[in-house]
Amino acid sequence: MADHSVSDLVAELTLAEKVALTHGANDPDGRATGYVQGIERLDVPPLRMVDGPLGVRVPGESATAFPAPLALAATFDTALAEEYGAALGRETKGMDADVLLAPGANLIRVPQNGRNFEYYSEDPVLSAAFAARVTAGIQSEDTIATPKHYVANNQETHRASVSADVSERALRELYLPSFRAAVEAGAGSVMTAYNSVNGTRMSDHERLLRDVLKDEWDFEGYVVSDWFGTEDAAAAANAGLDVEMPGVTMAEMAGALDEEGEQEFEIPEELARGMPDHESCERFAEVLADRVREGALDEARLDDMVTRVLTQMDRIGRLDGTRGDGAVDTPEHRALAERVATRGSVLLKNDDDVLPLADDAAVALVGPNVDETVLGGGGSSETTPVTETTPEDGITARADGDVTVEYGLPPVEAVSMLEMMVGGEQGDDQGESPNEPTREADVEGAVAAATDADVAVVCVRDTATEAIDRDSLALPDRQNELVVAVAEAAERTVVVCNTSGPVELPWRDAVDAIVQNWYPGQAHGDALAAVLYGDADPGGRLPVTFAPEEAYPTSGDERRYPGVDGVVHYDEGVFVGYRHFDDAADVPTYPFGHGHSYAEFAYTDAALEGDTVRVTVENTAERAGREVVQVYVRPPERDDRPVRELAGFASVPVPAGASETVAIDLDDHAFETYDEDDGWVTPPGEYTLEVGRSSRDTRLELSTSR
Ligand code: BGC
């Protein structure tokens, strides 16, 4: 259907029908998380929205459980991001839904944020590249992507009521680029955040919705609220919000989540701080037609809202029925889930080449949750796979030597917002320990197994969920004690971390190797075995800095986090992540961009041609490997600018002994800074380009004057 047909259609709609296309309703099939009813009279079908960033969630049904976006970003491989997005789009279509509520495009500002696993990075260039390519992938499968949560939803504590007090410069340099990149990649929809920015609710934020998103960035899709995220319907519609969700009550939503169909829900105290006030939300369904009649909302604006929705439906072939078929849980998607989990694993440390393991090594596999697959964190991004492998499955299947399994501690219980909302315990069905949920601590048993083995592999995890921030960066329960006890006894110790973001590693000097394995999804066990035994090179690098909790810029000052009197002050400005650590006395435990390969690389012949850096990378090892080449820009005079900023990167496979010339295009804003009066400016002078393996491992330098 061509554009003029959408306008013809809008001209046919009654006021009530127009309003019906701007808000959520109950899905009669109970499958969609967001459902916009169709207009039967005019053959407009309904629009169905599903979560989310790690795979499709339809209650009671299964789909591929992909690794968390943070694991994807750790690959630094944007081609892989596009494949991941396309697979998500195909699965959305295969599940009969039209819209995927993904990608998560918020920057990682606070290391404890309960949703960091759903996002990409502390760095805007890396985050923007992933948000853009995942969006492009989703949309390549005739599915509408929904980058979220626009903008500055950087914590879960008080996420619905807090106002982020943030400078225009920090917005432009850090928090907006991922959204802008996703819009430029064609995103059909953008979801507003619950929080306010500089005192205005994001669902009512005329400047950021209408002026920046729609006028400045030419966004032609529709803006959808986060669930129960609106307050004043007319104010939101006038500011630029096009669709209000979910349009049904919290009890109805909770009923749909509960397999037994109970209509009761109760928000426990610990969840309350992260939940929207569903009672103060004014429904478009109830008031929008009146607002038009009263003149509080121009009908032309309502037409624009409806046009935006219908145009996206048309684009994916929903209006003329030409949308193709999707596919769920295909062999290709299973393989991709495993590839991303493998490639996103970061080898933080590997003393004396303890990894890869010898095929016939006698392994003590230790950890309270080694019989569980770490699919993800709790909340709207939860996924249920058809098939999964635990570390115990994967390592036992891969090993030629003996594998002795010792849990050491009772399982660390996963936390789930969804379970808690329907009155469940904190445990969730993605972290259930099928064997012995009540098993006793037995650190001695783990120590004994470690003593007898050639190598101990200790798997540790954190827990994270939407609506609640982690209360600390320490590993929960007695896991640190378990690692220390095993490391003392074992000849060699490898620790595998399954975490939602940075954690503290207080025992790191006592162990030989550390693999940061994030939330790896359904292929957890097989992917981990592939990394540990060297079937694949760990191609991952850190998309977030690892440091002691108190060293982060948001620590130790309530103003900055979690905020005082309803306001969180972004006083650190642009000094987030490595931009902070490069400027501070604190040395990070592992810097941004860090990660070892099993191969070794030499860098030669760097040159800048236009805005492209070319460099030759030689694999000097006797095995194939994958290098992530990173380019950082150092400005001529520091003033108030970060020491260095990522300007481009590339992940490149290099066969043993071979050389590859890598071309890295620099980001459009690579040399610029945002000036509150003049906008993007490039202060003149001599800029240094650092080419290397991480933000702290420069191999070659170039300079250029601007
Ligand atoms: C989350 C969104 C999600 C929506 C629908 C909200 O609680 O913040 O990310 O897409 O629910 O499940």
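The model is a predicted one, in which local features need pLDDT of at least 70 and side-chain atom pairs count only at pLDDT 80 or more, while totals for chains, interfaces and linings use all residues. Residues are numbered from 1 along each chain as its sequence is written, and side-chain values use heavy atoms, with hydrogens and water left out.

**The chain as a whole**

The chain has 20 helices and 25 strands; helices (H or I, at least four residues) and strands (E, at least two) are DSSP runs, numbered from the N terminus. Its radius of gyration is 25 Å, close to the 27 Å that the globule rule gives for 706 residues, so the chain is as compact as a globular protein of that length. That radius is taken over C-alpha atoms, and the globule rule is 2.2 Å times the number of residues to the power 0.38. Along the principal axes, the C-alpha atoms fill a box of roughly 80 × 65 × 50 Å.

Of the 706 residues, 64% count as buried (buried means under 20% relative accessible area, exposed over 50%, and partly exposed in between, with a 1.4 Å probe and protein chains only).

**Helices α14 and α19**

Two packed helices are described by the angle between their axes and the distance between the axes. Helix α14 (residues 331–343) packs against helix α19 (residues 524–532) at an angle of about 45°, and their axes are 8 Å apart. Here axes are lines fitted to C-alpha atoms, for helices over the stretch in contact, and angles run from 0 to 180 degrees between N-to-C directions. The two helices are therefore oblique to each other; angles under 35 degrees count as roughly parallel, over 145 as roughly antiparallel, 65 to 115 as roughly perpendicular and the rest as oblique.

On the α14 side, the contact is made by E338, A341 and T342, and on the α19 side by D526, A527, A530 and V531. By class, this contact has four nonpolar, one polar and two charged residues (Ala, Val, Leu, Ile, Met, Phe, Trp, Tyr, Cys and Pro count as nonpolar, Asp, Glu, Lys and Arg as charged, and the others, Gly among them, as polar).

**The loop between α19 and β16**

R559 lies in the loop between α19 and β16 (567–569). At 35% relative accessibility, R559 counts as partly exposed. Leaving aside neighbours within four places in sequence, R559 is in contact with V564, V567, V568, H569 and D571. R559 and Y570 are 11 residues apart in sequence and 8.2 Å apart in space, C-alpha to C-alpha. P562 lies in this loop between α19 and β16 as well.

**Cis peptide bonds and positive phi**

| Cis peptide bond | Omega |
|---|---|
| L355 and P356 | about -5° |
| Y561 and P562 | about 5° |

P356 is found in the loop between β10 (346–350) and β11 (363–366). D353 lies in the loop between β10 and β11 too, and has a positive phi of about 50° although it is not a glycine. D353 is exposed, with a relative accessible area of 60%.

A152, in the loop between β4 (144–145) and β5 (163–165), has a phi near 65°, a positive value in a residue other than glycine. A152 is buried, with a relative accessible area of 5%.

Definitions and conventions:
Contact means heavy atoms within 4.5 Å.
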